[in-house]
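Keep the structure open while reading.

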Amino acid sequence: MRQARPSARPRLCLPTVRRGRGDYVTSGRGAGAVRRKKMAASVAVSLSGRFKGSFAYFTIKDRLPQILTRVIDTLHRHKNEFFEKHGEKGVEAEKRAISFLSKLRNELQTDKPMIPLSDELPDTPIWNQYLEYQRNVSNGNGQPSWFQSPWLYVECYMYRRIHEALIHNPPIDDFDPFMEAKIQSFFESQQAIIAICTYLQELLKNIQDLNENQLKEEFFKLLQVSLWGNRCDLSISAGEDNSQKSSLLQSLNDFKSFILVDDMENLWSLLLNSKKRTTTKESITRVDIILDNAGFELITDLVLANFLSSSKLATEVHFHGKCIPWFVSDTTKHDFNWTLKQLQSANHMWMSRCGMNWEGNLKKGVWFYHDHMFWTLPHEFSSMGQVAPDLYAELQKSSVIIFKGDLNYRKLTGDRKWEFTVPFHQALNKFHPAPLCSIRTLKAEIQNICRRSQRYEYGFSCPQKFFVIQ
Ligand SMILES: O=P(O)(O)OC[C@@]1(O)O[C@H](CO)[C@@H](O)[C@@H]1O
Ligand SMILES: [Mn+2]
């Protein structure tokens, strides 16, 4: 299936770029430089491979080349399929794509300068403009490169170059090099998927009879299942199997002590108050879930969404996926639809019931699926208002936005070397489209200790409308 074309076209804006404490370079010099300088002074430097021994450094040195090698191997292993489907043309395209990716791997491993994209996709000008302004902030020699530039940029850039390798080589331009791993991860998680679908269907039988405390207890359980579902990410494992083998529900108490920041109570209060306000038909409680990984994690997010809809804590749920294959296991529209179809055809009553109900919610206009191209750009979320004002305006309609996973957390906080004591809302750097919550298992250096009840705890906790569960 051809990769979903990005569904919306962000404008080409150039966010101000900051080098570190107090230094910044802006592409649009003009009035307000002093004000921006003060703002820039409060923004920490970006995590980068230039910090030897950092998680970023080892990711770029070891894990990203492994992921590229795995993509090359996958293309090799599909040679016969390409031949059967497309004849010699398919095999030629496979060879060209492999050559492109081998060159990319060499560029990465030898810290070569980043080069502009040359495909014709709608986001290409934005990527190339982002490269331009990185030239203003790289380590002074004007050349952004893999180990010198911000980790967030180079890692996102790698996945976009992988997509370019396919796009440049029809007729295999619609091939998702991570599809095989995502499907395998889904099937390896069958037992856990059966367990959570069964639990949900049992819960739904008498959800109307639950009192407020019982409802809160179930909400907390499914939030934690969604949190731990985030461990099933194929980027951190460099494509190695990382599926959920057993039911999570029995392990929640064992995992409780690993939760560093727990804003579940605040999230519950916000949703409950919103539910109490939506007495009339017109008013709605909209929850947006910015999805992360396909497979088991996607199932946990769909289960959470079903609970929110059935308990009337949400009258609308909007899912946001990726428009190209991304960070190995992130959910594309194809993955989302494939998962629903797979559940419906499962030979397990509760799995197929879930699949039917969830497809029904999409058809009834209770659930919605979006895949804006901004989510597969390298930008920090604090520049969304400039780069993708349509998406920002869409998110402003939300009652609460739930950001799943580590990459979203990194983009929320700019993937910067914040002091541990910097509060979450400050790290958001003025990104406030609506109340938001990050649900993330910690897989990168960025984290903050925040003061709460005079005890220091890892993570974030923020006044009234910025929550974290990690
Ligand atoms: O967003 P996710 O799926 O939770 O994690 C993505 C991830 O595995 O990829 C990067 C490391 O390469 C980090 O952002 C994080 O570890
Ligand atoms: Mn992911």
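## Helix packing in a predicted model

Helix α6 is mostly covered, with 17 of its 17 residues buried. The model is a predicted one. Helix α6 covers residues 151-167, a run of 17 residues. From first C-alpha to last, α6 reaches 24 Å, close to the 24 Å expected at 1.5 Å a residue.

The protein chain has 18 helices and 10 strands. Of its 470 residues, 46% are buried. Among contacts with a separation of 6 or more, 77% join residues 24 or more positions apart.

Two helix pairs are set out below. Two packed helices are described by the angle between their axes and the distance between the axes.

| Helix pair | Residues | Angle between axes | Distance between axes |
|---|---|---|---|
| α9 and α12 | 212-229 and 296-310 | roughly 160° | within 8 Å |
| α4 and α6 | 88-109 and 151-167 | about 155° | 8 Å |

**α4 against α6.** Helix α4 packs on α6 at an angle of about 155°. An angle over 145 degrees counts as roughly antiparallel, and α4 and α6 are therefore roughly antiparallel to each other. The crossing of α4 past α6 is right-handed. On the α4 side, the contact uses Ala-97, Phe-100, Leu-101, Leu-104 and Leu-108. On the α6 side, Met-158, Arg-161, Ile-162, Ala-165 and Leu-166 take part. By type, the residues of this α4 and α6 contact are 9 nonpolar, no polar and 1 charged. An α-helix has 3.6 residues a turn, so residues three or four places apart point the same way.

**α9 against α12.** The axes of α9 and α12 cross at roughly 160°. That makes α9 roughly antiparallel to α12. Helix α9 passes α12 in a left-handed crossing. From α9 come Glu-218, Phe-219, Leu-222, Leu-223, Val-225, Ser-226 and Gly-229. They meet Phe-296, Glu-297, Thr-300, Asp-301, Val-303, Leu-304 and Phe-307 in α12. The residues of the α9 and α12 contact divide into 8 nonpolar, 3 polar and 3 charged.

**Lys-85.** Lys-85 lies in helix α3, residues 79-86. Is Lys-85 buried or partly exposed? Lys-85 has 13 other C-beta atoms within 10 Å, so Lys-85 is partly exposed. A residue needs 20 or more such atoms to be buried. Lys-85 and Pro-171 are 86 residues apart along the chain. Their C-alpha atoms are separated by 9.2 Å.

Key: Residues are numbered from 1 along each chain as its sequence is written. Chains are lettered from A and ligands numbered from 1 in the order in which they are written. This is a predicted model: local features need pLDDT of at least 70, side-chain atom pairs count only at pLDDT 80 or more; totals for chains, interfaces and linings use all residues. Helices (H or I, at least four residues) and strands (E, at least two) are DSSP runs, numbered from the N terminus. The expected span of a helix is 1.5 Å times one less than its number of residues. A residue is buried if 20 or more other C-beta atoms lie within 10 Å of its own, exposed if 12 or fewer, and partly exposed in between; C-beta atoms are placed from the backbone. Axes are lines fitted to C-alpha atoms, for helices over the stretch in contact, and angles run from 0 to 180 degrees between N-to-C directions. Angles under 35 degrees count as roughly parallel, over 145 as roughly antiparallel, 65 to 115 as roughly perpendicular and the rest as oblique. A crossing is left-handed if the near helix is turned anticlockwise from the far one by less than a right angle, and right-handed if clockwise. Two residues are in contact if their C-beta atoms, placed from the backbone, lie within 7 Å. Ala, Val, Leu, Ile, Met, Phe, Trp, Tyr, Cys and Pro count as nonpolar, Asp, Glu, Lys and Arg as charged, and the others, Gly among them, as polar.
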